[in-house]
Amino acid sequence: MSLLLPMVGWISWFFPSDSKEPVKVADLPWKSCLLLDDDGSAYPDLTQIPAGELAISGDHANGLSPYLKPHGLERVHTETPFLIQRHEVTREQFKRYVDFVGRLPDGSQKSERLLRIGRQWQGHDTGSQNVSGVSWEGAWDYTDWLSQQTGCEYRLPSREEWGAAVIHHFNDNPSMGRNTPLDRLLRGVREWSRSSCPSGYYLLGEDDWTAMPNVGQLVCMPQSLAVAGFRVVLGVAGGSLVPANAQPGDS
C-alpha cells in the first residue's frame, strides 16, 4: 500500500536529478507530495523547469523542430516554475489507481471510473514499462486520485509546459540519445496533454513502437479513446507549493 512520504527521516536519501550534484529530498518543499512504492522508492519522479522564456538554440536545434514546430512551441514563456515527471506514468503506478477504484463501494462513481479506465492499458504492450492505452478521462482521473492521496494538486501537462520541459532539457544537454531526459519527453509513447483541440485533447511526443511515425504533425484525439500514455505536472512558485487550479481544456 502506498504511503505518504514522511516529512522527516529522509535526510540521507537522494532524489534523482538531471544535474551533477544530487538533491536531498529533505531540502525540497514538495517532498510531502510524493508517495512510496512497496520497495520504498518515491514517486512521481519529478524535475523542476524554471519560469521565463525558453527557446531552442544551438547546432542541433533543427532536430527538435519536428516535435515543437507543429505546436508552435519553438519559443515558450512560462509565468512560474513547475515540476514535471521525468518518466511517463508506469503500468505499476497506474495499477495502484486501478486497484483503488476496484476497492470502492459499488455504485455510480465506481462504475464510471472503471468505464473510463477500460481494459486497453492491460493488453497494450509497447515493450515498455510505461502505461499506454489509456483514455484522457482515465489519465485525468489518475491525477485526481494522486492529488487526493498526497494533498497536492497534480495535473496533466499543457502543451506549453511540455514544450518548456523539452527546450530546458535540450539546452542543458542536447543529446537525443536513447533514455536521456530529452528522449523520455519526445519518444516512447504518445502522451495526453490538458490542452484542448477541436475534437478532444492534443497528444504530445511520438510512439517509437508503431510502423507509422506521427512526429511532425498535430495529433488531436477524443478524450474517451484509450490511445496514449501520460505523465503528471505539479506547480511551484517561490519554492512553495501552489494549487494547480487548472481545469480540463486549459492550455
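Me: Contact here means heavy atoms within 4.5 Å. Leaving aside neighbours within four places in sequence, which residues is Asn130 in contact with?
Reply: This is a predicted model. Asn130 sits in the loop between H4 and H5. Once neighbours within four places in sequence are set aside, its contacts are Glu88, Val89, Thr90 and Arg91.

Me: Which side chain makes a polar contact with the side chain of Asn130, and at what distance?
Reply: A polar contact needs N or O atoms within 3.5 Å. Asn130 and Glu88 are in contact. Their side chains form a polar contact, so the partner and distance are Glu88 and 2.9 Å.

Me: Does Asn130 count as buried or exposed?
Reply: Buried means under 20% relative accessible area. Asn130 has 10% relative accessibility, so Asn130 counts as buried.

Me: Where is Ser135, and does Ser135 count as buried or exposed?
Reply: Ser135 lies in the loop between helix H4 (120–123) and helix H5 (136–150). The relative accessibility of Ser135 is 1%. The cut-off for buried is under 20%. Ser135 therefore counts as buried.

Me: Which backbone atoms does the side chain of Ser135 reach, one at 3.0 Å and one at 2.9 Å?
Reply: At 3.0 Å, a polar atom of the Ser135 side chain faces the backbone oxygen of Arg116. At 2.9 Å, the Ser135 side chain reaches a backbone nitrogen, that of Gly138. The two atoms are the oxygen of Arg116 and the nitrogen of Gly138.

Me: Which residue makes a polar contact of 3.2 Å with the side chain of Gln223?
Reply: Gln223 is in the loop between strand S13 (219–221) and strand S14 (233–237). Its contacts beyond four places in sequence are Ser135, Trp136, Glu137, Trp192, Gly200 and Tyr201. The 3.2 Å polar contact joins the side chain of Gln223 to that of Glu137.

Me: How does Gln223 count by accessibility?
Reply: Buried is under 20% and exposed is over 50%, with partly exposed in between. Gln223 has 31% relative accessibility, so Gln223 counts as partly exposed.

Me: What separates the C-alpha atoms of Gln223 and Trp192?
Reply: Along the chain, Gln223 and Trp192 are 31 residues apart. Trp192 is also one of the residues in contact with Gln223. The separation of their C-alpha atoms is 9.1 Å.

Me: What is the distance between the C-alpha atoms of Ala228 and Leu203?
Reply: Ala228 is in the loop between S13 and S14. Ala228 counts as buried because its relative accessibility is 1%. Its contacts beyond four places in sequence include Arg190, Glu191, Trp192 and Leu203. Ala228 and Leu203 are 25 residues apart along the chain, and their C-alpha atoms are separated by 7.7 Å.

Me: How are H2 and H3 oriented to each other?
Reply: The axes of H2 (residues 91–102) and H3 (residues 108–117) come within 9 Å and cross at roughly 150 degrees. Their crossing is left-handed. Angles over 145 degrees count as roughly antiparallel. H2 and H3 are therefore roughly antiparallel.

Me: How many nonpolar, polar and charged residues are in the contact of H2 with H3?
Reply: From H2 come Phe94, Tyr97, Val98, Val101 and Gly102, which meet Lys110, Arg113, Leu114 and Ile117 in H3. By class, that is six nonpolar, one polar and two charged.

Me: How are H2 and H5 oriented to each other?
Reply: The axes of H2 and H5 are 10 Å apart, at an angle of about 80 degrees. Angles of 65 to 115 degrees count as roughly perpendicular. H2 and H5 are therefore roughly perpendicular.

Me: Which residues of H5 make the contact with H2?
Reply: H2 supplies Gln93, Phe94, Arg96, Tyr97 and Phe100. The residues of this contact divide into five nonpolar, three polar and two charged. On the H5 side they are Gly138, Asp141, Tyr142, Trp145 and Gln149.

Me: What is the phi of Asn179?
Reply: Most residues other than glycine have a negative phi. Asn179 lies in the loop between helix H6 (159–172) and helix H7 (181–186). Asn179 counts as exposed because its relative accessibility is 54%. Its phi is positive although Asn179 is not a glycine, at about 65 degrees.

Me: Is the peptide bond from Tyr43 to Pro44 cis or trans?
Reply: Most peptide bonds are trans. Pro44 lies in the loop between strand S5 (42–43) and strand S6 (46–49). With omega near 0 degrees, the bond from Tyr43 to Pro44 is cis.

Conventions. Residues are numbered from 1 along each chain as its sequence is written. This is a predicted model: local features need pLDDT of at least 70, side-chain atom pairs count only at pLDDT 80 or more; totals for chains, interfaces and linings use all residues. Side-chain values use heavy atoms; hydrogens and water are left out. Helices (H or I, at least four residues) and strands (E, at least two) are DSSP runs, numbered from the N terminus. Buried means under 20% relative accessible area, exposed over 50%, partly exposed in between (1.4 Å probe, protein chains only). A polar contact is a pair of N or O atoms within 3.5 Å; within protein, one must be able to donate a hydrogen and the other to accept it, and residues adjacent in sequence count only if both atoms are side-chain atoms. Axes are lines fitted to C-alpha atoms, for helices over the stretch in contact, and angles run from 0 to 180 degrees between N-to-C directions. Angles under 35 degrees count as roughly parallel, over 145 as roughly antiparallel, 65 to 115 as roughly perpendicular and the rest as oblique. A crossing is left-handed if the near helix is turned anticlockwise from the far one by less than a right angle, and right-handed if clockwise. Ala, Val, Leu, Ile, Met, Phe, Trp, Tyr, Cys and Pro count as nonpolar, Asp, Glu, Lys and Arg as charged, and the others, Gly among them, as polar.
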